[in-house]
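Work through the exercises below with the structure open. Try each task before reading its solution.

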Amino acid sequence: SEVANSVVSTSVFANPEAYGDFTALDADRSSWLRGFSDRILADERVKGRMLDVGCAKVPHELLRRIFERATQVDGVDPQERMKLNPTLTEKWLGLIEDIDEIPEAAYDTALAFLVAEHLEDPTPFMRAVNRAMQPGAVFYATTPNGKHPFPMAVRMVEALGLKDRLASQTDNINDYPAYYRMNTQEQVTRVVRGLADEGTVFDEIEFMYYPCVQWDTFVP
């Protein structure tokens with residue numbers, strides 16, 4: 001359709017010189033956080049009222065510099081601990097797609113840090129994010145690449161029933177499932193173009209990649 005064709009998919013590879021250099025990446029495991037935050041902060045649209053989707057109880061290191069640009073930061077998360085987040089002005093407990101109180105067309109910027117892998121159904125999630133954004137706003141999401149071995153390892157651990165057992169023993173393991181249904185270019189593009197067919201439009205999709213060896217600390 002004409003609406004769907006307005007969605008443009010492009011690719012940008014961040015820090016391509018670091019690919020394959022495991023020693024350098026291992027010595028500086030925060031490089032991917034700086035790489036993404038630098039890239040996001042280079043976007044002049046990142047400003048104003050911001051919505052942190054999956055905000056947790058404290059802002060992640062990646063988001064702190066970004067939030068310095070905000071006039072107001074609001075947050076939504078399904079876990080009670082989000083109420084402890086000191087950065088937030090407005091707080092909504094639950095899934096963004098289930099909360100009607102989140103204002104429509106109110107946000108200049110929306111952010112979701114390591115959320116996309118946990119979406120059981122990405123379509124209503126992306127529809128809700130779009131609804132909250134002003135015309136011309138921007139949404140950034142970071143998530144593991146669905147084609148990396150890490151998602152395969154996580155799915156195997158969950159299938160064997162090991163994740164819940166380990167999560168009960170340490171706070172370092174989250175106790176909610178990972179689905180990896182919006183973690184490849186093909187998956188994201190399919191969801192966004194499907195929404196465009198119903199009139200919910202994201203003007204452009206841009207994919208950025210940054211090499212990271214830190215994933216091994218997150219298994220399981």
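This is a predicted model: local features need pLDDT of at least 70, side-chain atom pairs count only at pLDDT 80 or more; totals for chains, interfaces and linings use all residues.

**Exercise 1. Describe how helix α5 and helix α8 cross, and name the residues in contact.**

Solution. 
- Step 1: Find the helices. Helix α5 spans residues 122-132, and helix α8 spans residues 185-197.
- Step 2: Recall what is needed. Two packed helices are described by the angle between their axes and the distance between the axes.
- Step 3: Apply this to the pair. The axes of α5 and α8 come within 10 Å and cross at roughly 60°.
- Step 4: Classify the angle. Roughly perpendicular starts at 65 degrees, and roughly parallel means under 35. α5 and α8 are therefore oblique to each other.
- Step 5: The α5 and α8 crossing is right-handed.
- Step 6: List the contact. α5 contributes Pro122, Thr123, Met126 and Arg127, while α8 contributes Val191, Val192 and Leu195.
- Step 7: Sort these residues by class. Five are nonpolar, one is polar and one is charged.

**Exercise 2. Find the cavities of 30 Å³ or more and describe their linings.**

Solution. 
- Step 1: Search the whole structure. Two cavities of that volume turn up.
- Step 2: Take the largest cavity. Its volume is about 40 Å³.
- Step 3: Name its lining. The residues are Ile40, Leu62, Leu63, Leu111, Ala112, Phe113, Tyr140, Ala141 and Thr142.
- Step 4: At least two residues come from each of α4 (61-67), β5 (107-113) and β6 (133-142).
- Step 5: Sort the lining of the largest cavity. Eight residues are nonpolar, one is polar and none is charged.
- Step 6: Turn to the second largest cavity. The space in it is about 30 Å³.
- Step 7: Name the lining of the second largest cavity. Leu25, Asp28, Arg29, Ser31, Trp32, Pro211, Cys212, Val213 and Gln214 form it.
- Step 8: Sort this lining too. Five residues are nonpolar, two are polar and two are charged.

**Exercise 3. Give the phi values of Ala56 and Ala105, and locate both residues.**

Solution. 
- Step 1: Recall the background. Most residues other than glycine have a negative phi.
- Step 2: Check Ala56. Its phi is positive, about 60°, although Ala56 is not a glycine.
- Step 3: Locate Ala56. The loop between β2 (48-53) and α4 holds this residue.
- Step 4: Check Ala105. Its phi is also positive, near 55°.
- Step 5: Locate Ala105. This residue sits in the loop between β4 (91-93) and β5.

Conventions:
Residues are numbered from 1 along each chain as its sequence is written. Side-chain values use heavy atoms; hydrogens and water are left out. Axes are lines fitted to C-alpha atoms, for helices over the stretch in contact, and angles run from 0 to 180 degrees between N-to-C directions. Helices (H or I, at least four residues) and strands (E, at least two) are DSSP runs, numbered from the N terminus. Angles under 35 degrees count as roughly parallel, over 145 as roughly antiparallel, 65 to 115 as roughly perpendicular and the rest as oblique. A crossing is left-handed if the near helix is turned anticlockwise from the far one by less than a right angle, and right-handed if clockwise. Contact means heavy atoms within 4.5 Å. Ala, Val, Leu, Ile, Met, Phe, Trp, Tyr, Cys and Pro count as nonpolar, Asp, Glu, Lys and Arg as charged, and the others, Gly among them, as polar. On a 1 Å grid over the protein atoms alone, a cavity is a set of points where a 1.4 Å probe fits but cannot get out, and a pocket is an open set with protein on both sides within 12 Å along at least five of seven lines; lining residues have an atom within 4 Å of a point. Grid points are joined across faces, edges and corners, and a volume is the space filled by probe spheres set on the points.
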